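We will go stop by stop.

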Amino acid sequence: MPYIDVRDVCVRHGKNETLRHAGFEAERGDIVSFIGPSGSGKTTFLRTLIGLQPVWQGQMDVHGRNVDMAAPASARILREQAAIVFQQYGLFGHMSVLRNLTLAPTVVAKRSRREAEHEARALLERLGLADKADVLPADLSGGQKQRVAIARALMLRPALLLLDEPTSALDPHKVRDVGVLLRDLAQDGMTIIQVSHAMGVVSSLSDRIVLLEDGQVRAVGTGRGYAAQQPDIAAFMNTHGGDAATDPAGSRSDPDH
Amino acid sequence: MQIWSWHGFFTYLGSPYIFRGALITVIMTVVSMMMGFLLGLLTAVMKRSQHRVLSWPARFYVWFFRGTPLLVQLVVIYTGLPKLDIRLSVLACSIIGLTLNEAAYLAEIIRAGLNAVPTGQIAAARALGLSERQIAWRIAFPQAFRLIIPPLGNSVNGLLKTTSVTSVISMEELMQRSQILVQDQFMVLELFSVAALYYLLMTTAWDFLQRRIEHYAERPYRRQQKTAAVEAIELPATTQDAR
Ligand SMILES: Nc1ncnc2c1ncn2[C@@H]1O[C@H](COP(=O)(O)OP(=O)(O)OP(=O)(O)O)[C@@H](O)[C@H]1O
Ligand SMILES: [Mg+2]
């Protein structure tokens with residue numbers, strides 16, 4: 001039985017069926033990438049996994065536990081195990097970076113502020129943001145904002161990390177850094193699900209690739225390094241893969257880094 | 001009859017009767033503003049709700065109280081409540097009328113402030129597991145409040161002068177008391193100059209207070225700018241002692 005098994009997710013916007021019986025499986029520590037044309041339902045699918053998007057129907061088995069995604073109580077359960085990083089980050093503008101990280105742990109998980117701050121500082125250190133703890137989000141660069149958003153998500157110690165286009169706002173260097181980070185996290189047992197347009201990132205990083213089209217799963221490729229070879233996925237990547245040359249996690253010993 | 005009597009002017013300026021009228025004006029403003037803010041906040045939140053049972057009454061309330069003159073509202077409250085066997089003082093009726101009227105305007109100001117908080121932050125807070133109440137108090141209200149301080153200040157300034165409308169239900173505030181003395185002694189210009197001076201004093205005091213509140217609300221933001229600026233200046237000289 002796979003670690004995560006999502007089945008039969010249907011989402012409707014009025015008369016439109018945005019998602020039609022969509023699903024996928026993933027093992028623990030997998031990096032799963034959703035790809036597909038604009039409007040195919042990638043963001044919507046991601047949002048269903050953390051209860052931000054109401055679904056018509058849908059089932060999720062995670063770690064042996066079944067969640068009826070259409071049940072009103074599912075949002076709480078989903079949020080206990082998943083965290084999401086939005087494309088626009090959604091950092092709280094009136095709070096310092098540190099408080100952005102400690103807010104949910106202290107007010108939702110009721111951990112002590114001192115302990116949360118200790119962990120937050122360690123996490124910021126790991127992401128190269130040690131000196132930004134007391135800065136407001138507005139004073140960060142795009143790449144820094146994103147790392148703060150990732151750090152904020154990691155504070156929840158999620159089993160499932162969701163990212164919507166994590167690399168779209170970044171220059172190639174930063175893209176590679178994020179790739180390295182995601183791979184490290186996955187190695188530690190975190191399951192990562194990302195939406196991405198950066199085909200280079202997708203093919204080098206993914207253990208699974210899910211191709212969405214018109215709200216349906218058109219094809220699934222599996223196996224790191226092989227997932228992109230599935231014919232439908234390869235065909236999609238060929239027509240959409242502008243930056244297939246970037247290898248995000250390939251060369252850590254890059255001399256200028 | 002002389003055109004202007006300095007003696008009259010200073011007599012009225014020092015008159016405890018007029019001074020107490022001004023005090024009543026201040027009290028009515030403060031109380032109506034605070035209650036109006038709470039009612040306005042509630043109305044704004046209701047109006048933004050997706051549930052029509054909440055948004056519809058709020059919508060109606062704002063529509064009605066912004067669409068009818070305060071003068072009419074006051075008279076209706078003053079003459080209507082006794083018919084329901086509710087007997088309240090003139091001051092209570094005045095404050096109720098001012099509060100209901102002001103809340104309708106404040107609701108729209110507060111609503112605009114809440115709308116200005118990026119929806120991405122709300123979604124992020126939700127995904128982090130915060131309850132709707134926690135999102136409101138910790139994410140939405142603080143950021144909205146900072147934005148609406150200037151228009152709120154405007155409302156306080158306006159309300160200080162709008163209180164004079166309560167004179168129609170014989171509320172003895174600053175304006176009414178000035179008019180009472182005018183009828184007695186006919187020194188229109190002197191009396192109204194004194195009244196104007198009092199209003200100026202009150203609005204000026206409020207201007208000062210508002211600046212303090214703005215200063216306070218900007219504190220977290222200002223501190224950041226300052227440290228950022230200090231760092232920018234000091235960094236080249238002190239590169240070796242990076243904290
Ligand atoms: N709140 C909404 N109301 C109505 N339709 C919506 C809503 N949200 C999404 N949709 C529709 O659902 C479809 C899928 O949207 P979604 O944002 O999931 O696409 P996407 O694959 O993430 O696209 P992109 O690559 O452009 O980000 C689109 O046709 C969109 O118009
Ligand atoms: Mg999208």
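Where in chain B does UniProt place the feature "transmembrane region"? The unreviewed UniProt entry puts it at residues 17-39, 60-81 and 186-209 of chain B. UniProt positions follow the numbering used here, feature names are shortened, and annotations may be inferred rather than shown by experiment.

Some ground rules first. This is a predicted model, where local features need pLDDT of at least 70 and side-chain atom pairs count only at pLDDT 80 or more, while totals for chains, interfaces and linings use all residues. Residues are numbered from 1 along each chain as its sequence is written, chains are lettered from A and ligands numbered from 1 in the order in which they are written, and side-chain values use heavy atoms, leaving out hydrogens and water.

Stop 1: Select residues 17-39 of chain B. The span is 100% helix and 0% strand, and its end C-alpha atoms lie 33 Å apart. Now select residues 186-209 of chain B. Here the chain is 92% helix and 0% strand, with end C-alpha atoms 36 Å apart. Helices (H or I, at least four residues) and strands (E, at least two) are DSSP runs, numbered from the N terminus.

**Stop 2: the cores.** A nonpolar core is a set of buried Ala, Val, Leu, Ile, Met, Phe, Trp, Tyr and Cys residues joined through side-chain atoms within 4.5 Å. Buried means under 20% relative accessible area, exposed over 50%, and partly exposed in between (1.4 Å probe, protein chains only). The largest core has 53 residues, and Leu174(B) is one of those touching the most other members. Helix 7 (residues 132-162) of chain B gives this core its largest share, 11 residues. A second, separate core has 38 residues, including Leu129(A) and Ile192(A).

**Stop 3: ligand 1.** Which residue has a side-chain N or O atom 2.8 Å from an oxygen atom of ligand 1? Select Lys42(A) to see that pair. For His197(A), a polar side-chain atom lies 3.1 Å from a ligand 1 oxygen. Ser40(A) uses a backbone N or O atom, 3.3 Å from an oxygen of ligand 1.

**Stop 4: Ala70(A).** Look in the loop between strand 5 (65-68) and helix 2 (74-81) of chain A. Ala70(A) counts as partly exposed because its relative accessibility is 35%. Its C-alpha atom is 5.4 Å from that of Val55(A), 15 residues apart along the chain.

Technical notes:
Polar contact = N/O pair within 3.5 Å; in protein donor to acceptor, adjacent residues only side chain to side chain.
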